[in-house]
Amino acid sequence: MELLSGAEMVVRFLRDEGVKYIYGYPGGALLHIYDALFKEKEVTHILVRHEQAATHMADGYARATGKAGVVLVTSGPGATNAITGIATAYMDSIPMVVISGQVPSNMVGSDAFQETDMIGVSRPIVKHSFIVKHPSEIPEVLKKAFYIAESGRPGPVVVDIPKDMGDPSQKYEYVYPKKVKLRSYSPAQRGHSGQIRKAVEMLLAAKRPVLYSGGGVIMGRAAAQLTELAQMLNLPVTNTLMGLGGYPGNDRQFLGMLGMHGSYTANLAMHHSDVILAIGARFDDRVVNGPAKFCPNAKIIHVDIDPASISKTIKADVPIVGPVDSVLAEMISIVKEIGAMPQKEVVASWWKQIEEWRGTRGLFPYDKGDGSIIKPQTVIETLYEVTKGDAYVASDVGQHQMFAAQYYRYAKPNRWINSGGLGTMGFGFPAAMGVKLNFPEADVACITGEGSIQMNIQEMSTCMQYDLPVKIVNLNNGALGMVRQWQDMQYSSRYSHSYMESLPDFVKLAEAYGHVGMRITELKDLKPKLEEAFALKDRLVFLDIAVDTSEHVYPMQIRDGAMRDMWLSKTERT
Amino acid sequence: MRHIISLLLENEPGALSRVVGLFSQRNYNIETLTVAPTEDPTLSRLTLTTIGQDEVIEQITKNLNKLIEVVKLVDLSESAHIERELLLVKVKATGAQRAEIKRTTDIFRGQIVDVTSSVYTIQLTGTSDKLDSFLHAIGTSSILETVRSGVTGIARGDKVLTI
């Protein structure tokens with residue numbers, strides 16, 4: 001039996017749980033825990049420059065590995081600075097454990113220095129939260145937090161620890177809890193067999209089926225099963241923004257992303273389908289466009305671990321609640337057992353139609369211009385070539401994010417890291433850092449814009465301290481591109497506050513932090529400079545690339561329309 | 001349609017705020033709410049009434065079930081059930097009114113539980129509709145103060161909500 005203080009228990013538990021890195025920032029309420037960390041050898045703490053970045057680093061790690069990222073923030077402003085990152089993880093169902101310091105328990109509620117009701121503030125954006133009432137509870141509470149964060153539909157869990165819970169003079173027995181039981185929490189272990197069989201029969205009989213998969217396939221580790229089923233039945237596949245990499249992006253059966261900025265082919269295939277197999281996707285408003293006009297002839301099979309996602313916006317004809325990997329595996333074995341395949345001629349005529357939509361110009365055709373100005377799309381295509389399609393790509397939010405989703409063809413799951421649900425500018429860079437820290441050998445790119453990068457640019461300092469040589473690909477168009485695009489399309493080009501005036505010299509800024517900066521203004525320099533940057537394995541390189549300000553992201557669905565209603569360029573629409 | 005949703009909740013601090021928070025967060029409507037510990041002190045029984053289309057009610061029950069502290073849930077209005085609410089009302093009672101109020105109270109099987117020279121305090125239990133009818137019969141002009149417990153209920157027959 002071992003006697004530890006509450007603070008020591010926190011650190012010791014993290015070690016026993018197998019946590020390698022935690023991301024945080026110290027403060028008064030956490031000093032006992034930081035003192036315990038000082039002696040710890042196996043758990044490494046990464047000191048960020050702003051707590052929001054700590055949450056995004058943990059989040060990037062979680063998206064790349066499927067395991068909970070761990071954040072340590074102090075009470076009051078430390079906790080509130082973490083809120084945006086917690087909300088980001090919540091919207092995208094990312095496992096995360098946030099340990100927040102709290103004022104001593106006898107001062108809670110007294111408006112003490114650096115006191116915030118963290119449980120109250122975070123309540124709508126967490127999967128669950130705990131406040132520690134006695135130091136001896138710490139191991140079990142933390143185990144529950146990890147279990148809840150990582151199981152079922154994953155999400156962030158907050159553990160609020162008042163300072164006195166870590167008192168070094170009070171020692172209690174410590175045992176690592178291998179398992180916890182929660183009588184009120186039991187995520188589905190498998191889907192309903194009868195429903196799964198019905199779904200397979202519908203797919204086999206379908207004339208125009210589409211497989212539409214989302215982030216649930218990535219976090220549910222079901223990409224292999226999804227690919228097997230799709231290839232077995234020769235199904236056209238489209239992924240949501242969160243689901244990219246769930247099916248190989250360079251495969252013939254892949255139609256590209258769907259939705260607001262989805263491909264013409266994917267959106268048309270969805271609209272004309274008769275059976276939609278939705279897996280680990282939630283019919284988000286950025287996917288379905290006008291719900292009343294959504295896919296008028298389609299029967300919908302919806303597989304999700306979260307019953308509340310089913311029939312929320314679009315009614316499912318065959319709802320299946322269960323883990324996507326096991327449901328897909330069961331579907332595969334039922335297909336094998338039935339031994340039938342979809343009728344060849346029917347499949348062929350559906351594919352013929354899809355190929356007509358796809359045409360010869362690729363899924364996302366764009367005007368490459370005369371080469372006098374760099375197109376943002378070209379940057380992503382070049383990045384794809386230079387990194388051989390094998391980089392981890394973390395993105396910020398805006399036009400560059402959509403270009404990164406459209407033109408980088410993700411062959412594997414967990415490689416595309418972006419804030420889909422909340423759309424958090426400032427997410428990309430720290431998320432890339434979290435990935436690089438845990439995959440030091442891999443190429444990690446942060447695709448960003450001059451707006452987003454400035455929301456967490458201070459983390460260049462953290463990168464210097466911990467040697468995190470990510471490559472920042474800044475699509476600098478001198479404007480808040482997506483805002484500007486909407487202002488072009490809906491507000492007669494009145495650019496209200498969408499300029500970025502007084503931009504810093506990013507090259508000098510990167511150099512000031514001790515990194516390498518490169519400015520690219522000519523198309524001919526694009527590829528060589530990108531190659532040079534990625535060849536500098538042990539240096540952070542900030543690539544500031546001047547791109548066409550007037551470029552828009554297309555296709556763009558027309559609001560409240562059907563899936564097929566899209567602008568295809570500034571002048572053409574469907 | 002009006003639904004009576006009853007749930008077993010971990011009797012822990014903060015559990016109630018998650019239930020209430022869910023309703024405001026997702027723009028659901030909550031008509032009445034009542035909560036108290038059960039014979040098992042680790043559990044509270046919470047009953048709420050809400051009004052909404054079937055799809056909304058489905059989302060409400062699904063989202064309530066997702067709360068970690070919700071152990072079990074039943075929509076009582078989906079099958080035969082008993083529904084009760086407690087009303088305490090203070091009314092002006094002087095002169096001829098005193099006999100009239102007493103008669104009305106008897107008709108509704110209420111009790112006068114406190115008396116002064118000018119005021120009766122009446123206790124009445126029943127469905128919300130019955131309490132509404134009683135208040136209507138008494139008339140708003142003589143009502144000084146009302147307090148209602150909110151709806152609570154239980155399924156008829158052998159069905160029980162237990163862990």
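**View 1. The crossing of helices α1(A) and α2(A) is right-handed, that is, the near helix is turned clockwise from the far one by less than a right angle.** The model is predicted: local features need pLDDT of at least 70 and side-chain atom pairs pLDDT 80 or more, whereas totals for chains, interfaces and linings use all residues. Residues are numbered from 1 along each chain as its sequence is written, with chains lettered from A and ligands numbered from 1 in the order in which they are written. Helices (H or I, at least four residues) and strands (E, at least two) are DSSP runs numbered from the N terminus. Helix α1 (residues 6-16) and helix α2 (residues 31-38) of chain A pack at about 55 degrees, their axes 8 Å apart; axes are lines fitted to C-alpha atoms, for helices over the stretch in contact, and angles run from 0 to 180 degrees between N-to-C directions. The two helices are therefore oblique to each other (under 35 degrees is roughly parallel, over 145 roughly antiparallel, 65 to 115 roughly perpendicular and the rest oblique). A:Ala7, A:Glu8, A:Val10 and A:Val11 of α1(A) meet A:His32, A:Ile33, A:Asp35, A:Ala36 and A:Leu37 of α2(A), contact requiring C-beta atoms, placed from the backbone, within 7 Å.

**View 2. An open sheet of four strands in chain B has the order β2-β3-β1-β4, with antiparallel pairing.** Strands pair if DSSP finds at least two bridges between them. Because β2 (32-37) and β4 (70-75) of chain B each have a single partner strand, they stand at the edges, with one side left without a neighbour in the sheet. Neighbouring strands are turned by 15 degrees against each other on average, direction ignored.

**View 3. Strand β1 (residues 2-10) of chain B is joined to β4(B) by five bridges, the two running antiparallel.** B:Leu9 has B:Val70 of β4(B) as its bridge partner. Helix α2 (residues 54-66) of chain B lies across β1, β3 (43-51) and β4 of chain B, at about 160 degrees to β4(B).

**View 4. Chain A contacts chain B through 13 residues, which meet 16 residues of chain B.** The chain A side divides into seven nonpolar, three polar and three charged residues. Ala, Val, Leu, Ile, Met, Phe, Trp, Tyr, Cys and Pro count as nonpolar, Asp, Glu, Lys and Arg as charged, and the others, Gly among them, as polar.

Definitions and conventions
Two residues are in contact if their C-beta atoms, placed from the backbone, lie within 7 Å.
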